[in-house]
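Please keep the sequence and the model open while going through the points below. They take one region at a time.

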Amino acid sequence: MRILVVEDDRKIASFITMGLKQAGFAVDRAANAEDALDLMQTEPYDVAVVDIVLPGMDGLAMIEALRRNKMLTPVLIVSAKRSVDDRVKGLQRGGDDYLTKPFAFSELLARVQALIRRATAATEPTRLTVGDLVVDLLTREVTRAKRSLTLQPREFALLEFLMRNAGRPVSKTMILEHVWGYGFDPQTNVVDVLVSRLRQKVDREFAPKLLHTLRGVGYVLKAS
Amino acid sequence: MFSRLRELRPRTVWFRLAAWYAAFFAVSSAVLFGLAYLLLASSLQRQDRDLLEAKLRELAAQYEAGGLAALQRTLLLEQRTVRRRPFLLRVSRPGGNTIFMTTPDQWADFDLTRLDQPPTTAAKGRWIEIHARDDSAILEVVSTQAPDHTVLQVGLSTERRDTVLEQFAWIVLAILVPIGVAGIAGGAYLATRALRPIRQLIQTVHAIDAGAMEARVATRSTGDELDELGVLFNRMLDRIAALINGMRAALDTVAHDLRTPMARLRGIAEVALRAEPDGRAGREALADCVEESDRVLTMLNTLMDISEAETGTLALNLETMSVQSLFDDTIELYRNIAEDREIRIEAIAPSDLSLTADRSRMRQVLANMLDNALKYTARGGRVALTAYAAKAQIVIVVEDTGTGIAPTDLPRIWDRLYRGDLGRTRRGLGLGLSLVRAIVHAHHGRVDVSSEPGKGSRFTLFFPATSPSRR
C-alpha cells in the first residue's frame, strides 16, 4: 500500500510519514500541490493525505484538479480549520474524509485504513477473532476460550470496534465517536470506565491479557 | 483656537450651519422688506388715483354746472387758498383740440401729445400712463367726457411718490445691512451651541484614541437627540470597556491555566532528557507529555467553541429532536459512572416534547450538566433531569443532591475557567458551564441556577419553543 503525504510543515510531515511507515505503508511526501499532482500522475497511490493550507495552490484546489483529471485516489484532508462548514466544503470539493489538526496519530491511521478498506471493498466479515476471543456479529455472541461472555450493548460495541482494529491502537476520541456517536470529549472519562468494565469481562479470568492500555495513545486489542 | 480656525473652512458642519442660518435670515428679511415696498408702492398709487378721480369728479361737476369759466375760477381759488399738490388739467374737444390746459412747470418733461390717445385697454379703464422723456417719472392721467363731449383730463406725476419709495428703499437698505450682520452672528452662535455636544463627543473620541479609555461624554440630561446620542455613546463605551476587561481577565486566566500544563509538559520532558537513557522511563515521560498536551488542546478547543458560540459564529445545524431521546443519550453515556458511584439518575420528559436545536451541541450541553451533577454528588445521591413546556418556552432542569454552590460563587460559576474552592481540587477545566451557557445563548435561550449548600443545586435551561432562526 502506497501513501502520498502532501504537507508543507516539515515536522508534521515527518511525524506522519514515520508513523505510516511504522504501520507498514510505503510513504512519499510532497511539500506543495504542484509536486503532489506530478507525483500522482506517475505513481499509483492508494491514499493521499492532504493539508489544506499549502504554499501556492491550496489543498482544495489540488483535490479539484485531481478529480478533474479523473483520478479517484481517496483523499484524507488534514486541516487546522475545525468548523463544520470547512469540513463540508472539503468533502464537497472531492475529499473523502476530514481530520482536524492537531490529531492523534492513531486516528489518522484508522481513517487511512478505513479509506483503503472502502476503496478495495473488502467483504464484511461475520466473525471477528483475536486469539481465543471470538465475536459473532450475526448472533452477537461473544466467547473467550469457548466460554460465553455476557456483554452490555455498549460493551459489545466497544469490543467490536477494538476487534475490527485488532493490533492497531484506537484513541479515546475514536471510541467516543464510534461507540456513542459523540464528537466531543466529556470531562469525566467515560471511555476509561467502559474499557475497565469490558476488561473485567474479557480479561480478568483469562490469560493472556488481550486488552492493553497505551498511555497517551489509547487502547489496543492484540493477541500477544 | 486652532479648532475654531478649522471650523471656518467651508466643509465643516459649523460653517454650513452658520451660513445657512445667515442666508435664511437675510433672504427672509429681504422678502419681507420687498413685500413691504410693493405694498407701499401700490397703496401710494391707489391714494394718488383716488385723489385724481375725486378731483376729476369735482371738476367735471363744476364744468357741467358753470362751464370752463367756473372751472378756471375754482382752480384760481384753490391755488390761492391751499397749497395743494400740483396737477395737470386739460379740457379738450373730442377731436383733440385743447381748449384749456395747466401743467405744473416743476414736472419732468412729458410728451403731452400722447394725451390725445384714447385709453387702449379695457382693464386700464380711463387711465393713461405717459413716461417722461428722461424716464424719471410717469404721468398718470384719468379722463372723463362731459355731456357736451368735452374731454376732461386730470393727471399727476409720480415724482413725489417715487421720492417717498426711494427714501423707503434707502431706509430698508440701512436696516438690512445690520440685519445681515446679526444673521451671521446669530448663525455662528446657534451653530456653536448646537454643535457643542458633538464637539464634546469628538473630544471624547480623541481622548479615547489617545489612550484615556475612561473618558466619557458630558451629558446635560436635557433629553434631546444629541444628549441621547451622548448617553448612548457612553453606554456603548461602558459595554466595550466591560467586554475588554472581560477579555483581558479571560486571557489572563487562560494564560495562567495554560502555563500550568505547559510547565508540567516541559518539566517531564526535561527530566526525561537529563536522565540516563531508559526505554521504559522515557516512554512513561512521553505518555505524560501526550496526556498534558491533550489537556491543553481540549482546553483550547473548548475556549474556541465558547467564543464562537458567544460571538454568534458557531454554525448550528438545527433539527427537531425529542427531548426524551436527548436525555436517553446522555444518561447512556454516564450510566456506568453513575452505577460505580451508586448515584441514581432519573429522567422525566413528556414523550411528545420536542426541541429544535443543534443535536450535537445539545448533547454537549446535557453531558456537561450531567457530568457536573455527578461530579459534585456524593455516593448514594440522586440526579434528576426534567423537561417540560411552559408558555413559549421549553425548560430543562438538572437537579442534584450534591454539595451545592456557595452563594458567593453562584454568580461566577458561568465565567470561563472559574472554579469554586471545591472544583479546584477536582479534575476539570472550569469551562463546562461557560460552554453550556454560550451554547444555550446561541440557541436564543437562557440559563439559571439556584443552590443550597449541602443540599444540592438546580440548573435550569430555557429554550424558546419556536424554532430559533439560524444566526
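1. The buried residues of helix 3 of chain A are covered by, among others, strand 1 (2–6), helix 2 (33–42), strand 3 (47–51), strand 4 (75–79) and helix 4 (84–92) of chain A. Contact here requires two C-beta atoms, placed from the backbone, to lie within 7 Å. Helices (H or I, at least four residues) and strands (E, at least two) are DSSP runs, numbered from the N terminus.

2. A note on the source: this is a predicted model, in which local features need pLDDT of at least 70 and side-chain atom pairs count only at pLDDT 80 or more, while totals for chains, interfaces and linings use all residues. Residues are numbered from 1 along each chain as its sequence is written, and chains are lettered from A and ligands numbered from 1 in the order in which they are written.

3. Which residues of helix 3 (residues 59–68) of chain A are buried? They are A:Gly59, A:Leu60, A:Met62, A:Ile63 and A:Leu66. These residues lie on the same side of helix 3 of chain A, because their arc around the axis is only 160 degrees; the arc is taken from the directions from the helix axis to the C-beta atoms. A residue is buried if 20 or more other C-beta atoms lie within 10 Å of its own, exposed if 12 or fewer, and partly exposed in between. Just after helix 3 of chain A, A:Lys70 has a positive phi of about 60 degrees.

4. Chain A as a whole has eight helices and eleven strands. Of its 224 residues, 33% count as buried. Among the contacts in chain A with a separation of 6 or more, 57% are between residues 24 or more positions apart.

5. Helix 6 (residues 153–164) of chain A packs against helix 8 of chain A at an angle of about 85 degrees, with the axes 10 Å apart. The two helices are therefore roughly perpendicular. Angles under 35 degrees count as roughly parallel, over 145 as roughly antiparallel, 65 to 115 as roughly perpendicular and the rest as oblique. Axes are lines fitted to C-alpha atoms, for helices over the stretch in contact, and angles run from 0 to 180 degrees between N-to-C directions. From helix 6 of chain A, A:Arg154, A:Glu155, A:Leu158 and A:Leu159 meet A:Leu194, A:Arg197, A:Leu198 and A:Lys201 of helix 8 of chain A. By class, this contact has four nonpolar, no polar and four charged residues. Ala, Val, Leu, Ile, Met, Phe, Trp, Tyr, Cys and Pro count as nonpolar, Asp, Glu, Lys and Arg as charged, and the others, Gly among them, as polar.

6. Between the chains, 18 residues of chain A are in contact with 23 residues of chain B. Helix 8 (190–203) of chain A and helix 4 of chain A each supply at least two residues of the chain A side. Helix 8 of chain A gives the largest share, four residues.

7. In chain B, five strands form an open antiparallel sheet in the order 2-1-5-4-3; strands pair if DSSP finds at least two bridges between them. Strand 2 (98–102) and strand 3 (127–131) of chain B are at the edges with a single partner strand each, so one side of each has no neighbour in the sheet. The twist averages 20 degrees from one strand to the next.

8. B:Ser457 is in strand 12 (residues 456–464) of chain B. B:Ser457 counts as buried because it has 23 C-beta neighbours inside 10 Å.
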